[in-house]
Amino acid sequence: MDGGMKMILQITNLRKQFPKENGSLVAIDDFNLEVEEGEFVCILGPSGCGKTTLLRMIAGLDKPTSGSIKLKGKEIANTGPDRGMVFQEFALFPWRSVRKNIEFGLEIKNMPAAERHKISDKYIELVGLKGFEDSHPYELSGGMKQRVGIARALANNPSILLMDEPFGALDAQTRNQMQKELLRVWEETRKTVVFITHSVDEAVFLADRVVVLTSRPSKIKEIFKIEHERPRDRADPSFLALRKKILSELESEANQPSK
Amino acid sequence: MPAICFIFLPIKYYYVRTHDEGVAVNKLNKFPKMLTRMRDGFLLNIGFAVLSIAIFLVIWYGLSIFLDTAYLPTPVEVWDALVDSFNTPDPSLGVTMWDSIMASLKRFVIGFVLALAIAVPIGLIMGFSKFAGMIGKPIVEVFRPIPPIAWVPFLFVVTGMIWGPILAIFIGVLFPVLSNVIFGVKSVEPQLIDAARTQGASKSDLFAKVVFPYTIPYMMTGIRIGLGIGWMCIVAAEMIGARGGGVGIYILTQANIGRYDYMFAGMVVIAALGLLTVEAASYVERRVSKWMGA
């Protein structure tokens with residue numbers, strides 16, 4: 001890629017297989033990807049392919065069978081606060097208030113309360129949760145829960161934000177709203193984002209690059225660079241054309257029996 | 001008479017509400033605050049509880065008249081005995097009901113606290129560590145089916161009259177708390193563990209900041225069940241033998257000297273104590289599970 005850009009994430013020859021009754025199941029094979037600092041990458045693939053497994057390996061929650069994942073040139077060996085993760089089912093701590101959820105990682109770093117408070121204030125403001133600091137997750141709607149999830153991941157000031165179908169559990173309207181909000185947050189924080197989705201529309205709306213995966217074992221099928229200015233217009237003919245192209249790419253993959 | 005109105009009022013409106021939705025809503029909106037609250041079922045429940053106890057007392061009264069009031073005293077006689085037992089020291093024991101309650105309560109609290117202090121950490125460890133769970137589970141499974149009362153004679157022999165009843169409660173409370181804590185730890189959502197790990201949590205952070213708080217409502221369920229069992233244990237254990245009085249000893253003594261109205265008064269006291277502690281525990285349990293968002 002362009003020499004001036006800094007690669008923050010480098011994945012080379014990644015392979016992941018799970019033991020199965022007879023033999024093993026290869027989820028990801030021969031996977032290579034580099035992500036630039038500040039880039040928004042969407043990973044798109046048929047359901048059941050290794051998308052989530054890939055993200056979990058970057059997070060350090062799962063270990064690769066072979067190959068390497070490097071963040072800022074350092075091999076990933078375990079989970080760490082330098083990678084923030086946002087989960088599809090929110091995964092908020094139900095006994096903690098919004099503020100306490102967001103401060104979780106800071107508590108673990110043993111940051112003094114006053115400092116924690118300042119940081120959580122900043123992210124509460126950023127994701128638009130002002131006035132809900134003391135609410136508990138059960139009092140919030142799905143969209144608001146995920147705002148907490150995003151703020152919690154950002155509060156640790158990670159180098160990269162990993163998002164596993166974060167809006168998959170939301171209704172269509174909330175989902176569109178949250179996509180816009182996420183872009184606003186992204187533009188303000190300039191974090192690198194790796195975003196998993198199975199929605200072509202979402203990927204084209206959000207990403208700098210859309211990485212389309214094959215069905216199992218997942219490899220990269222094609223990478224689309226999306227150069228449309230943001231905010232993108234979903235009704236724009238070129239947006240629709242791109243969407244259609246990626247969709248047919250994805251569908252041809254979904255129709256193939258997985259190996 | 002007002003008491004009867006109190007019972008039937010809510011029932012009437014209950015039926016209005018379920019059978020004629022539209023009309024009832026209009027009517028209910030005009031109701032003063034207290035009556036509107038009946039809609040929420042709280043007073044309705046109390047109404048039924050009062051009705052239920054009233055039916056029980058009537059049957060009791062009828063039975064004792066029909067049989068023999070010397071062996072089955074009427075509710076009125078038991079009430080008189082109950083009031084008297086609190087006011088005047090018992091002729092054969094030399095203490096009032098308060099003293100008996102305090103003696104039982106002291107044992108209860110010591111046994112209960114001991115059980116919590118041991119069951120909670122052991123349960124957390126057995127749930128959290130696969131190794132500890134596999135070692136501990138067979139032991140627990142062997143000891144759990146032994147009724148706590150079956151331990152009492154052995155405990156008397158080994159620990160003497162003072163610790164016997166305390167340890168009976170200890171065993172009665174220990175197992176429900178232990179198994180609920182283990183179950184709670186095993187129920188922790190894997191996603192919460194993942195989320196905490198991506199936030200940089202170490203294994204001890206996971207334990208203190210995810211597993212332990214997650215287990216608290218389960219612990220409360222164990223405590224509520226344990227409290228119910230605990231009261232049964234203490235009375236039985238005291239009857240087998242205890243030094244220093246107690247409600248169980250009180251009941252047994254009254255039965256032996258044929259003061260059946262006082263014996264029943266002791267049973268009423270046990271019922272009230274059990275009900276109070278279990279209700280208090282389930283109140284806390286509900287608050288805690290609300291706090292957990294369940």
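This is a predicted model: local features need pLDDT of at least 70, side-chain atom pairs count only at pLDDT 80 or more; totals for chains, interfaces and linings use all residues.
Start with the contact between the two chains. The size of an interface is often given as the accessible area lost when the parts come together. Here chain B and chain A bury about 2100 Å² between them. Of that area, 60% lies on carbon and sulfur atoms. Chain B puts 19 residues into the contact, and chain A puts in 27 residues. On the chain B side, Thr198(B), Gln199(B) and Lys209(B) lose the most area to chain A. Together these three account for 35% of what that side buries.

Eight residues from domain 1 and seven residues from domain 2 make the contact between them. The two domains of chain B bury about 660 Å² between them. Carbon and sulfur atoms carry 76% of this area.

Next come the helices of chain B. Two packed helices are described by the angle between their axes and the distance between the axes. Take helix α9 (residues 190-198) and helix α10 of chain B. Their axes lie 10 Å apart, and the packing angle is about 155°. An angle over 145° counts as roughly antiparallel, so α9(B) and α10(B) are roughly antiparallel to each other. Their crossing is right-handed. From α9(B), the contact uses Leu192(B), Ile193(B), Ala196(B) and Arg197(B). From α10(B), it uses Leu206(B), Val210(B), Val211(B) and Tyr214(B). By class, this contact of α9(B) with α10(B) has seven nonpolar residues, one charged residue and no polar ones.

Helix α10(B) covers residues 203-240 and also packs against helix α11(B), residues 247-256. The axes of α10(B) and α11(B) are 7 Å apart, at an angle of about 55°. The two helices are therefore oblique to each other. The crossing of α10(B) and α11(B) is right-handed. Val235(B), Glu238(B) and Met239(B) represent α10(B) in this contact. They meet Val247(B), Gly248(B), Ile249(B), Ile251(B) and Leu252(B) of α11(B). The class count for α10(B) with α11(B) is six nonpolar, one polar and one charged.

Helix α11(B) has another partner in helix α6(B), residues 97-128. The axes of α6(B) and α11(B) come within 7 Å and cross at roughly 130°. This pair, α6(B) and α11(B), is therefore oblique as well. Met97(B), Ser100(B), Ile101(B) and Ser104(B) of α6(B) meet Val247(B), Gly248(B) and Tyr250(B) of α11(B). What is the class make-up of the contact of α6(B) with α11(B)? It has four nonpolar and three polar residues, with no charged residues.

Turn to chain A for its local backbone features. Two peptide bonds are cis. One runs from Arg216(A) to Pro217(A), with omega near -10°. Pro217(A) sits in the loop between β9 (209-213) and β10 of chain A. The other runs from Arg230(A) to Pro231(A), with omega near -5°. Pro231(A) belongs to the loop between β10 and α8 (237-254) of chain A.

Strand β10 itself spans residues 220-225 and includes Lys225(A). Setting aside residues up to four places away in sequence, Lys225(A) touches Asp208(A) and Arg209(A). Lys225(A) and Val204(A) are 21 residues apart in sequence, with their C-alpha atoms 9.4 Å apart in space.

Lys72(A) is not a glycine, although its phi is positive at about 50°. Lys72(A) is placed in the loop between β4 (66-71) and β5 (74-75) of chain A. Asn157(A), also a residue other than glycine, has a positive phi near 50°. The loop that holds Asn157(A) runs between α5 (142-155) and β7 (160-164) of chain A.

Conventions. Residues are numbered from 1 along each chain as its sequence is written. Chains are lettered from A and ligands numbered from 1 in the order in which they are written. Side-chain values use heavy atoms; hydrogens and water are left out. Axes are lines fitted to C-alpha atoms, for helices over the stretch in contact, and angles run from 0 to 180 degrees between N-to-C directions. Helices (H or I, at least four residues) and strands (E, at least two) are DSSP runs, numbered from the N terminus. Angles under 35 degrees count as roughly parallel, over 145 as roughly antiparallel, 65 to 115 as roughly perpendicular and the rest as oblique. A crossing is left-handed if the near helix is turned anticlockwise from the far one by less than a right angle, and right-handed if clockwise. Contact means heavy atoms within 4.5 Å. Ala, Val, Leu, Ile, Met, Phe, Trp, Tyr, Cys and Pro count as nonpolar, Asp, Glu, Lys and Arg as charged, and the others, Gly among them, as polar. Buried area is the accessible area (1.4 Å probe) that two parts lose on being put together, summed over both.
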